Amino acid sequence: MLTTEDFDFDLPEELIAQTPLSKRDSSRLLILDRQTGEVEDKHFHDIIDELAPGDALVMNDTRVLPARLYGEKPETGGHLEVLLLNNTQGDQWETLIKPARRAKVGTKIVFGDGRLRAEVKEELEHGGRIVEFQYEGIFLENLESLGEMPLPPYIKERLEDPDRYQTVYAKENGSAAAPTAGLHFTPELLQAIEAKGIKLVYLTLHVGLGTFRPVSVDNIAEHEMHSEFYRLTQEAADQLNAVRENGGKIVAVGTTSIRTLETIGTKFNGEIKADSGWTDIFITPGYEFKVVQAFSTNFHLPKSTLVMLVSAFAGRENTLAAYQHAIDERYRFFSFGDAMFVK
């Protein structure tokens, strides 16, 4: 039985990247060969050398919403911070509100000049709240003007350019966090990859804040995964099937792309079909990969579900040895950090 402690490692706090590098693709790239456990130190733009003509590079085109709002209760003037997690129906959203004790059912909240208002409709487990918004104009435009980027809790620095917490191909609004493995790509690098004969394929998975939730049980089999919405279009499924039929590799960018592809592969017995829905797939050692043959990803938190996912593909010992190498070589960790390519 694997326990959460089996995925722990000592990470010096100064290796947690607080700001993005000036050039996206100048971050470092650790190449891990899962068969041999060997590692190589390169730079992210070298990822093109790991891809062959006929391969597919699969990316998550979700766009992060400026989902952190600061409002006040009109009757008392008390301040509340509201973080949007997902749109449940109509104008209702699942949220986290701080301080939660001041957000009882019926509480009204006003944001900015009052063009955006909300009422707490329901209290959920884990301190969440369902709120219903009322607004003038278009909801997303109100959010763009009033909201802030919901950076992960381990980033203490202010982000000067909000676009640096979006991938250059972000399109579909809906995430509470960025699919950070994609932050390293530039339009020029993607152009060069495509010119080499590699298919660029996009899917959507809206990242929830559950992605940062620590595993709080000893036995990892007892951990409850959060659910996230995903979509793979018919066009994307056709592209991937054509790559497969011609002997190309399916290479995922990030754990969100992996989870989407493997959800679909699990659902359809290894076949790739157009699909959408909610996934709570939890990939741990012992899982048999059905679609993904290589991937890039950032360096993740100790004891996290994401380290477990990488370990399921590369082996726990290989993964932890690669992480130790990254620590020894002073790689930068987490959302604005460096990347690894696992093949």
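1. In which sense do strand E3 (residues 56-60) and strand E14 (residues 250-253) pair, and over how many bridges? In this predicted model, E3 and E14 run parallel to one another and are joined over three bridges. Within this pairing, Ala 56 is found opposite Ile 250 of E14.

2. The E3/E14 pair belongs to an open sheet of nine strands, whose order is E2-E1-E17-E16-E14-E3-E12-E13-E15. The pairing across the sheet is mixed. Its edges are formed by strand E2 (39-43) and strand E15 (275-279), each of which pairs on one side only. On average, neighbouring strands of the sheet are turned by 25° against each other, with direction ignored.

3. Helix H2 (residues 187-195) lies across E3 and strand E12 (199-205), and runs at about 125° to E12. Helix H3 (residues 234-245) lies across E3, E12, strand E13 (228-232) and E14; the angle that H3 makes with E12 is about 135°.

4. The loop between E12 and E13 contains His 223. Is His 223 buried or exposed? His 223 counts as buried because its relative accessibility is 13%, whereas the limit for that class is under 20%.

5. The surroundings of His 223 can be listed by residue. With neighbours within four places in sequence left aside, His 223 is in contact with Pro 214, Val 215, Val 217, Phe 282 and Thr 305.

Technical notes
Residues are numbered from 1 along each chain as its sequence is written. This is a predicted model: local features need pLDDT of at least 70, side-chain atom pairs count only at pLDDT 80 or more; totals for chains, interfaces and linings use all residues. Side-chain values use heavy atoms; hydrogens and water are left out. Two strands pair if DSSP finds at least two bridges between them. Helices (H or I, at least four residues) and strands (E, at least two) are DSSP runs, numbered from the N terminus. Axes are lines fitted to C-alpha atoms, for helices over the stretch in contact, and angles run from 0 to 180 degrees between N-to-C directions. Contact means heavy atoms within 4.5 Å. Buried means under 20% relative accessible area, exposed over 50%, partly exposed in between (1.4 Å probe, protein chains only).
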